[in-house]
Amino acid sequence: MKIAIIVVFAALFAIVVAAPIDDPSQAQILRLDSDVKPDGYSFALETSDGKTHNEEGQLKNIGAEDETIVVRGSFSFVADDGQTYTVNYIADENGFQPEGAHLPNVGIH
């Protein structure tokens with residue numbers, strides 16, 4: 001089941017990335033690397049407007065009832081104020097956990 005989710009995710013990601021850009025003022029893809037395996041995936045994306053996104057997912061507890069996927073990644077973008085913001089994250093059985101200098105640090109109590 002998890003492998004099917006990875007394959008579907010990779011296919012949808014490829015479709016979105018491969019979509020033609022009609023407006024020449026929109027960002028162009030400068031780099032796209034991806035690797036999909038039966039037990040995980042990884043990709044790296046960089047666009048001409050300064051955006052980057054790197055991510056890897058790995059199946060955990062393969063074949064067990066509590067099988068899950070652990071995703072680690074980061075993305076950066078240039079905001080309207082000219083600053084580059086970066087978010088590092090992990091998503092696992094504990095949910096989505098983002099970190100960034102511009103994000104509030106609420107912590108788990």
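Is Asp33 buried, exposed or partly exposed? Asp33 is partly exposed, because its relative accessible area is 40%, which falls between the 20% and 50% cut-offs. The model is predicted. Its salt bridges number five. Paired strands also feature below.

**Strand pairing**
- Strand E3 covers residues 52–60, and strand E4 covers residues 68–78.
- Nine bridges pair E3 with E4, in the antiparallel sense.
- Ile69 in E4 stands opposite Leu59.
- E4 also runs antiparallel to strand E5 (residues 84–92), with eight bridges joining them.
- Val78 has Thr84 in E5 as its bridge partner.

**The E4–E5 hairpin**
- E4 and E5 make a hairpin, and five residues lie between them.
- Gly82 sits in the turn and has a positive phi of about 85 degrees.

**Salt bridge between Lys60 and Glu93**
- The closest N and O atoms of Lys60 and Glu93 are 3.0 Å apart.
- Lys60 belongs to strand E3, while Glu93 is in the loop between E5 and strand E6 (95–99), so this pair ties together parts 33 residues apart in sequence.
- Lys60 is partly exposed at 34% relative accessible area.
- Glu93 is partly exposed too, at 47%.

- Within it, Arg31 bridges to Asp33, with the closest N and O atoms 2.9 Å apart.
- Arg31 has 33% relative accessibility and counts as partly exposed.

**Salt bridge between Lys37 and Asp35**
- The side chains of Lys37 and Asp35 meet at 3.6 Å, N to O.
- Lys37 is partly exposed at 46% relative accessibility.
- Asp35 is partly exposed at 33%.

Key: Residues numbered from 1 in each chain as written. Predicted model: local features only at pLDDT ≥ 70, side-chain atom pairs only at ≥ 80, totals over all residues. Heavy atoms only, no water. Pairing = 2+ DSSP bridges. Helix = DSSP H or I, 4+ residues; strand = E, 2+ residues; numbered from the N terminus. Salt bridge = Lys/Arg side-chain N within 4 Å of Asp/Glu carboxyl O. Buried < 20%, exposed > 50% of the residue type's maximum accessible area, 1.4 Å probe, protein only.
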